[in-house]
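Trainee: I'd like to learn how to read features off a model like this one. Can we go through them one at a time?

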Amino acid sequence: MAGLAKGLAVIEAFGRSRAQLTVSEAAQATGLTRATARRCLLTLTELGYLAHDGKHFRPTPRMARLSQSYARTDPLPRLAQPHLVSAREALGESVSLAVYDDGAAVFVARAETERVVSAGVRVGTRLAACGSATGRVLLAALPDAELDAYLADCRPQARTPKSLVDVEEIRRQVLAVREGGAAVTDEELELGMRSMATPVRDAEGEIRAALSVSAFTARISLQEMYDQFLPVLRDHAERIGRML
């Protein structure tokens with residue numbers, strides 16, 4: 001089981017910012033020794049989960065199988081998908097659903113437009129909760145003590161010149177979600193892109209997920225997002241929530 005845990009740590013080391021890893025990089029990312037990281041990488045390669053070019057290891061399509069067990073057994077993505085499609089048709093933009101996991105917003109369902117908005121968000125993508133509209137909606141669901149603990153350890157990374165990195169300002173943004181029921185980011189994740197998210201609440205009123213949409217800044221202003229997008233997001237979030 002210890003070997004399995006080490007292998008999973010190596011798998012989780014891959015991400016948007018680490019599409020490929022050397023043995024040394026895998027060891028540094030996981031805290032494993034180089035020898036252990038190398039054994040894990042070679043085993044995963046032998047099993048078909050990684051490809052190796054002699055220096056770098058990269059995930060193969062087989063890696064997607066590891067996320068399918070969640071997608072196939074958790075009812076939320078399956079229940080939500082028709083509503084994501086409906087929202088996409090109404091808004092003309094890609095719509096996503098995310099849940100909270102260990103300080104990150106994890107995207108579990110998505111309905112994409114033919115127009116490519118951003119290559120950064122796919123099912124399985126993890127975004128730091130503090131740095132995304134989706135994540136701030138999910139953070140708003142945390143009890144105060146958990147939110148305080150999260151923010152105390154939070155080290156925001158600036159992805160653009162507009163990214164919020166002040167923890168107290170991020171706290172204000174999260175608390176504003178509790179009052180207004182929505183969060184927005186304006187070119188914080190990617191220049192030229194705006195995002196909006198709203199909570200999906202279950203029958204008890206608990207936030208179970210966040211429904212979000214992103215659009216080019218040239219296409220829509222923040223005020224227009226509030227006027228045009230937010231009512232649609234809230235309507236579909238409520239429809240999803242009624243099934244939970």
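**Reading the cysteines, loops and surface**

Mentor: Let's start with C154, which is buried, with a relative accessible area of 7%. Keep in mind that this is a predicted model.

Trainee: Which cysteine sulfur is closest to the one in C154, and how far away is it?

Mentor: That would be the sulfur of C130, at 3.1 Å. C130 counts as buried too, at 5% relative accessibility.

Trainee: What about E187: where does it lie, and what is its phi?

Mentor: E187 is in the loop between β6 (183–186) and β7 (193–201). Phi is near 65 degrees there, again a positive value in a residue other than glycine.

Trainee: Is E187 buried or exposed?

Mentor: Buried, since the relative accessible area of E187 is 13% and the cut-off for buried is under 20%.

Trainee: Now the surface. Which residues make the nonpolar patch?

Mentor: M1, L4 and L8 make a nonpolar surface patch of about 350 Å². Take L8 as an example: you'll find it in helix α1, which covers residues 2–13. At 41% relative accessibility, L8 counts as partly exposed, because that class runs between the 20% and 50% cut-offs.

Trainee: Last topic, rings. How is a pair of aromatic rings described?

Mentor: By the distance of the centres and the angle of the planes. In this structure there are zero aromatic pairs to describe that way.

Trainee: What sits over the ring of Y49, then?

Mentor: The charged end of R62, 5.0 Å from the centre of the Y49 ring. For a charge over a ring, you check the distance to the ring centre, which has to be within 6 Å, and the direction, within 35 degrees of the ring normal.

Terms used. Residues are numbered from 1 along each chain as its sequence is written. This is a predicted model: local features need pLDDT of at least 70, side-chain atom pairs count only at pLDDT 80 or more; totals for chains, interfaces and linings use all residues. Side-chain values use heavy atoms; hydrogens and water are left out. Rings of Phe, Tyr and Trp (its six-membered ring) pair if their centres lie within 6.5 Å; planes under 30 degrees apart count as stacked, over 60 as edge-to-face and the rest as tilted. Patches are made of residues with over 30% relative accessible area and no salt bridge: like charges are joined within 9 Å, nonpolar side chains (Val, Leu, Ile, Met, Phe, Trp, Tyr) within 5 Å. Accessible areas come from the Shrake-Rupley method with a 1.4 Å probe; for residues, only the protein chains shown count as cover. A salt bridge is a side-chain nitrogen of Lys or Arg within 4 Å of a carboxyl oxygen of Asp or Glu. Helices (H or I, at least four residues) and strands (E, at least two) are DSSP runs, numbered from the N terminus. Buried means under 20% relative accessible area, exposed over 50%, partly exposed in between (1.4 Å probe, protein chains only). A disulfide is a pair of cysteine sulfur atoms within 2.5 Å.
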